[in-house]
Amino acid sequence: MSKSSRFGTRIQRLEAIEGYLWISPWVIGFLVFSLGPMVASLYLSLTKYKIGGTPEWIGLANYKEAFTVDKLFWPSLGRTAYFSIASVVLGVILSLLAAMLLNQNMKGRNIFRALFYLPSLTPIVALAILWGWLLNPKLGLVNYLLSMIGIQGPGWLVDQTWAVPSIILISLWSSVGGGRMIIFLAGLQGVPKELHEAAEIDGANAYHRFRHITIALISPVILFNVLLGIIGSFSVFSVAYIATSGGPNYATWFFMLHLYYNAFSYFQMGYASALAWIFFVIICILSYLQIKLSNRWVYYEFS
Amino acid sequence: MATQQTMTRRSFLRATSMASVGLALAACAPVPVAAPAAGGAAAAPSTDKVQIRFHARIGAQEDALYDMQIPKFMEAHPNIEVVKESFPGAEYNAKISTMVAGGTLGDSCWSALGGATIQFAWSQGTITPVDDLVASNNVDLKQWYEGCLKGITVDGKLLGLPFKSHPGLAVIYYNETAIEAAGKEVPKAGWTQEQQVELAKALTTADGKQFGYLPGITNIWKTCVTLLRSYGEQLLSEDATKFQLNSEKGMQAVTFLYDLFQTHKVAPKPDQMVGADTEMWSNGLLGMYQGGTSVSVFGKTIGDKFKWMVAPNAIGPGGVGGSDYEVDAHCVTTATKHPNEAFEWVQFLCSKDSGIQLGLIGGTVGGRPDVYGAPELLKFPFRVVFKEIMDNAQASRITANWRQSEAEAALLQLMQPLWAGNEKPTQAFVDGVTSQIQDILNKPKP
């Protein structure tokens, strides 16, 4: 028998050490590549720093500048919120609809599932370039198709009014059939058929079954998708950076673009770090509020 | 037993967490950069073979030149090995900054006046002045255009040698085939903006398939620099602290630009663009196109689709067409332990031979009169025009606080409503634009 001590038996100690060794690559990676830079950026956000040289401590001046001086800060935040609300609401609804369609017993279901999923695999740069051409006001396929039904299409990405809706459209195309739909599909397959059958016997119509059984039972999945959607959509960057560079006239100058340009074009690393922390706090608050409010509408079967 | 295990886990986690956080913070701490030295002339030349790591911006022409010149240089300098590390243009500054932070910067690097890149590199402590190296190597600075040298002299210190240079957006590329078809005369030096507008109208087709003239609005700052000069005005005040777009002459210049799009309708509005502006030019969709000398590389893409030639900017009310020295430089870094060898390589890249080879590869050439005037290059007729413009190019002016990139990016966004027709060039509108750019100019240096 192994000799026991205040650290457990020898076997227990060895097992514990082995366990820590197994998880240590992740833990060390997290500490070095995630937590370390985060702590460093928190410090840098309180300094004037341009890479090279010593950061100069300026206290909360960067935060003050963001909230009171920077004329692009609030508009970029508002624009991002608009994009986020529109793309998450539409994206969640459309993904759910797609998942419901693909949850039906029909011929070629697997092929349809693959076809719906394919757009989400398109690399973001290719996606931006592809849609840049599709939405070209003069030669693009979208305006050509609209012209065939007598509609003169807008300028899309080059039109101040239509630029954000265009980015929403591109974002939806690539995300509706992606991971979100797969998660919904998994959620839908977990809804017991017996509940639907029982409700049907009790006289519930399709809408009522959907509203009170399906939606209720997949509400945790909806919450999960909404949470991830908000975080992801607030980080909107690549398509706007590639397709419009934030234009025209700042119409697609989202918060992450603002952060990126300050960091990597103007090299205001201290200020950009402050923006990153403001962004982090906003995301935390939004996530907290959603989880708090979820008590009112999310149903946990086994809670 | 369970308590004992919990204690073990806690102790272990506490120890590893503290060690890892310490490591992480140490890894994230900025590496102090050596203060810019007053040149490396004091360092004795190495007798052993040394390696020079040089950083360049990736560009088809430039990379071809580097690959051509590195073996030649190493053959002439057997004690020096040159290793090229080039990065995409859009990420170049970020990459260099990262190397500065990580303490892995090489020995020499590309830089440029554009976007105040060289000023920023100086303020960041990336590059060192070469005045002492110039003196100790008896380098004759008259080899290069004076305007180029002034462009890369900051705080009274020469920060590198001019590698390539051009006179800004001072060149009008024209489709000779289209002009002949329209029965018009091709533009010549001394032509006026009125003549340019008339020609643009003649080259604009009713079916919208060809536009008469596209000014360089994708780089509206540079367009405004040359255009305002053609009106006898400067975009920036002499001390480069004041933005002057809303001056009386500035307003006239902006109105001229606006009219091209909205009144004369000779320039394609954003929703009439088919691909990038250079794509429109090389596909024959533009009668005239304003660009720098680098646009000449599209001659290969054009092939025999149409005949093309160049003319200087049309003369405006100010009596000139407007121009602006643009300079790329190669510099010696503060990190180098071999400043003399690094400077040898810099000199080689900025030599007459390299400048001419650049031109033969295509595009912009070395910033030297003997390159612009080299017979090998002047056999290309368009380069004769380039030489005339370059010989009379006007001095550059960079925002005094070096926030050039920020100001240029803002102006690009703010002027877009004019080309789209969402705004008119009213005093109120231009005042608003001016005020926002002035806010950037009022900020302290980075």
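Before the first stop, a term to carry along: two residues are in contact if their C-beta atoms, placed from the backbone, lie within 7 Å. Helices (H or I, at least four residues) and strands (E, at least two) are DSSP runs, numbered from the N terminus. This is a predicted model, in which local features need pLDDT of at least 70 and side-chain atom pairs count only at pLDDT 80 or more, while totals for chains, interfaces and linings use all residues. Residues are numbered from 1 along each chain as its sequence is written, and chains are lettered from A and ligands numbered from 1 in the order in which they are written.

**Stop one: a helix in chain A**

Select helix H5, residues 124–134 of chain A. Which of its neighbours do the buried residues pack against? They pack against helix H6 (141–148), helix H7 (163–175) and helix H11 (238–243) of chain A. The buried ones in H5(A) are Leu127(A), Ala128(A), Trp131(A), Gly132(A) and Leu134(A). Looking down the axis of H5(A), you'll find them within an arc of 165°, so they line one face of the helix. That arc is taken from the directions from the helix axis to the C-beta atoms. A residue counts as buried if 20 or more other C-beta atoms lie within 10 Å of its own, as exposed if 12 or fewer do, and as partly exposed in between.

**Stop two: a helix pair**

Now pick helix H8 (residues 179–189) and helix H10 (residues 206–234), both of chain A. Their axes come within 9 Å and cross at roughly 170°. That makes H8(A) roughly antiparallel to H10(A), the word used for angles over 145 degrees. Axes here are lines fitted to C-alpha atoms, for helices over the stretch in contact, and angles run from 0 to 180 degrees between N-to-C directions. To see where they meet, show residues including Ile183(A) and Phe184(A) in H8(A), with Val221(A) and Phe224(A) among those in H10(A).

While you're in chain A, hop to Pro248(A), in the loop between H11 and helix H12 (255–265). The peptide bond from Gly247(A) to Pro248(A) is cis, with omega near -10°.

**Stop three: parallel strands in chain B**

Over in chain B, there are 19 helices and twelve strands. Select strand S1 (residues 50–58) and strand S2 (residues 80–88) of chain B, which pair in the parallel sense over nine bridges. Two strands pair if DSSP finds at least two bridges between them. From S1(B), the chain crosses through helix H2 (residues 60–76) of chain B to S2(B), in a right-handed β-α-β crossover. Right-handed means that, with the strands pointing away from you, the path from the first strand over the helix to the second runs clockwise.

**Stop four: an open sheet**

Next, colour four strands of chain B that form an open sheet with mixed pairing, in the order S9-S10-S8-S11. Strand S9 (211–214) and strand S11 (308–312) of chain B stand at the edges with a single partner strand each, so one side of each is left without a neighbour in the sheet. On average, neighbouring strands are turned by 15° against each other, direction ignored. Helix H17 (residues 381–391) of chain B packs on this sheet, touching strand S8 (171–175) and S11 of chain B.

Finish at Asp155(B), in the loop between strand S5 (153–154) and strand S6 (157–158) of chain B. Its phi is positive, about 50°, although Asp155(B) is not a glycine. Is Asp155(B) buried or exposed? With 10 C-beta neighbours inside 10 Å, Asp155(B) counts as exposed.

Conventions:
Parallel < 35°, antiparallel > 145°, perpendicular 65-115°, else oblique.
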